[in-house]
Amino acid sequence: MNTYICRYCRQPSDPNSPTCPLCGAPVDIRSSVSDSGWVEQPAIKDMARLQFGQSHLQIAGTTVPVAEFNLAPNDWIYFSHHVLLWTDPATRLTNLPMRGGWNRKMAGMPLIMVEGRGPGHLALSDNHAGEVIALPLQHGQQIWVREHRFLCATGNIRYDWYPSDLWYQTGDDKDRETHYPMGQFGDVFGSHEGPGLLLLHAPGNAFVRDLQPGQSLLVQPSALLYRDVSVRMSLHLEYPRNMGFAFWHGRWSYRSVWARLFGPGRVAVQSIYQPPEDTDQIVNSSYATTHYW
Amino acid sequence: MIQCRWCQAQNQPGTTSCQTCGAPLDEKDKVSDSGWREAPRLRDMTEFQFSGSTCQVEGELVPVAEVALHPRDGVYFEHHVLLWKDESVPLSSLNTGGGMKRTIGGMPHIVTVANGPGRIAFSRDAPGELVVLPLHPGMELDVREHAFLVASHSVQYSFIRIKGLVNLLHGGNGMYVDRFVTAGAPGMLLLHGNGNVLQRTLQPNEKILVEPGGFLYKDSSVRMEAAQMPLKTGHLRHGMYLAEMTGPGRVGIQSMYVHHHAD
């Protein structure tokens with residue numbers, strides 16, 4: 001009986017294969033863990049194969065990896081048309097409309113997904129140097145993913161999206177602006193009708209950490225890649241002590257806007273991110289804790 | 001002798017990288033199940049020869065091509081890819097023709113020429129790979145705009161205007177494609193591909209559909225036409241077009257690109 005659990009995708013795996021057949025993580029390497037407990041997600045080896053359903057995919061390249069699918073006749077995946085790199089003429093491509101079109105449009109999210117159905121080959125890639133992250137999901141398992149990090153999912157993975165819990169407003173009553181440091185929406189993927197496979201693209205490197213119940217952590221909002229749905233989030237604002245050199249600026253010019261994460265559960269961050277831009281004083285926000293140094 | 005599987009040049013036994021293109025000779029080719037071959041990743045500080053000159057590749061994330069020019073050799077390039085040069089290396093400009101039309105198309109109509117002796121180095125501004133393409137006499141290669149890094153002076157540089165309204169409006173490759181041609185003498189062409197670069201050789205009449213932003217180069221024998229997919233995309237639900245490549249010949253793609261219909 002196979003009792004090996006892949007330390008990266010947390011699924012029963014094959015210890016005799018050089019890479020995990022479900023997530024592509026190398027089996028034969030030592031885990032790289034920082035002193036504070038972040039586990040570096042190893043890059044999927046060039047040309048590694050991952051199995052799902054009757055189909056498989058192969059990862060080509062290491063700078064901006066390409067996910068090349070060999071789809072069996074009854075298997076299908078969906079993705080945004082922006083990430084399609086090439087396809088066989090035989091692969092059937094059709095539209096997969098998404099609900100909430102106007103809100104998705106306003107949030108800069110794709111309105112329509114493309115469904116690619118086998119038999120045939122197609123390949124997907126993002127446009128950032130980084131890593132492809134494969135997350136096999138068991139039946140009923142759900143995961144939250146930051147918007148725009150989704151690369152593709154197998155047909156049995158349900159895709160929902162919810163307004164972000166993190167926002168703040170600046171400006172006066174006449175000219176109020178709402179900011180979403182983690183994006184306006186968050187994606188939630190859940191597997192139904194058996195196990196499925198979710199692929200993300202992480203710009204830069206990716207790191208994973210398990211939070212214990214009640215344990216909290218501050219991360220740059222735009223660096224969060226994915227989290228278990230059991231992990232809760234809120235806003236945390238931190239203001240440095242005024243050192244006297246910034247009398248012409250408000251203190252908010254040097255503030256930090258954090259996402260506070262509460263365990264239990266798994267969280268993953270990416271090393272390329274965009275810090276929130278300096279804006280005016282915050283006049284309203286989602287639930288937030290504040291600290292003045 | 002060892003034959004390089006990338007450029008087919010012969011190398012002395014015991015050499016670990018090709019003297020003509022720098023490809024590692026002691027590594028297996030990386031070919032996906034559907035036949036895409038990764039362009040060889042040149043090892044840091046690899047050297048190769050062209051004409052009487054030497055090119056050394058430095059760095060792996062955004063590689064630099066450092067050329068030591070022989071007194072009788074020259075190279076040409078778009079001026080903004082020049083990273084550094086010896087003070088003594090003379091520069092001149094070469095008009096490629098097409099003037100205002102090329103300028104409107106966002107393409108240079110003047111390239112810069114550097115002549116030996118001396119050292120000069122080039123790089124583009126994105127993570128990616130150097131693709132070394134030694135050109136045998138009588139070859140014609142089409143390259144997407146702004147992917148060309150540097151070419152030896154024996155390679156003729158021209159451009160072809162993309163024909164057909166559908167190709168122009170929906171092809172995603174702009175108005176022009178650069179064309180590099182060798183006549184009687186061999187030459188050297190270096191491209192910069194964003195992300196990873198993959199190449200596939202199409203058989204006669206074999207077809208593949210490629211996102212136009214991902215297209216990097218092709219043999220001129222490969223036909224490229226915009227093909228409409230049975231899909232609607234974006235808020236305005238406009239049609240989706242891919243570049244249909246029809247063999248025979250090589251097609252090169254890059255994995256990092258801006259989608260031509262990004263909205």
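Is B:E78 buried or exposed? B:E78 is buried, with a relative accessible area of 1%. Buried stands for under 20% relative accessible area, exposed for over 50%, and partly exposed for what lies in between (1.4 Å probe, protein chains only).

This is a predicted model, in which local features need pLDDT of at least 70, side-chain atom pairs count only at pLDDT 80 or more, and totals for chains, interfaces and linings use all residues. Residues are numbered from 1 along each chain as its sequence is written, chains are lettered from A and ligands numbered from 1 in the order in which they are written, and side-chain values use heavy atoms, with hydrogens and water left out.

**Salt bridges in chain B**

- Over all chains, the structure holds 20 salt bridges. A salt bridge is a side-chain nitrogen of Lys or Arg within 4 Å of a carboxyl oxygen of Asp or Glu.
- B:E78 pairs with B:R124 in a salt bridge, and the closest N and O atoms are 3.6 Å apart. B:E78 sits in the loop between β7 (74-77) and β8 (82-85), and B:R124 in the loop between β11 (118-122) and β12, so the pair ties together parts of chain B that are 46 residues apart in sequence.
- B:R124 is buried, at a relative accessible area of 12%.
- B:R41 and B:E129 form a salt bridge through their side chains (3.4 Å, N to O). The pair links distant parts of chain B, 88 residues apart: B:R41 is in the loop between β3 (37-38) and β4 (46-50), and B:E129 is in strand β12 (residues 128-135).
- B:R41 is partly exposed at 30% relative accessibility. B:E129 is buried at 4% relative accessible area.
- A network of salt bridges links B:E140, B:D142, B:R179 and B:K218.

**A salt bridge in chain A**

- A:R10 and A:D210 form a salt bridge, with the closest N and O atoms 3.0 Å apart. A:R10 lies in the segment before β1 (39-40) and A:D210 in strand β18 (residues 206-211), so the pair ties together parts of chain A that are 200 residues apart in sequence.
- A:R10 is partly exposed, with a relative accessible area of 34%. A:D210 is partly exposed at 38% relative accessibility.

- A:A259 belongs to strand β22 (residues 256-262) of chain A. Strands (E, at least two residues) and helices (H or I, at least four) are DSSP runs, numbered from the N terminus.
- A:A259 is buried, with a relative accessible area of 0%.
- Beyond its neighbours within four places in sequence, A:A259 is in contact with residues including A:L166, A:M182 and A:S234. Contact means heavy atoms within 4.5 Å.
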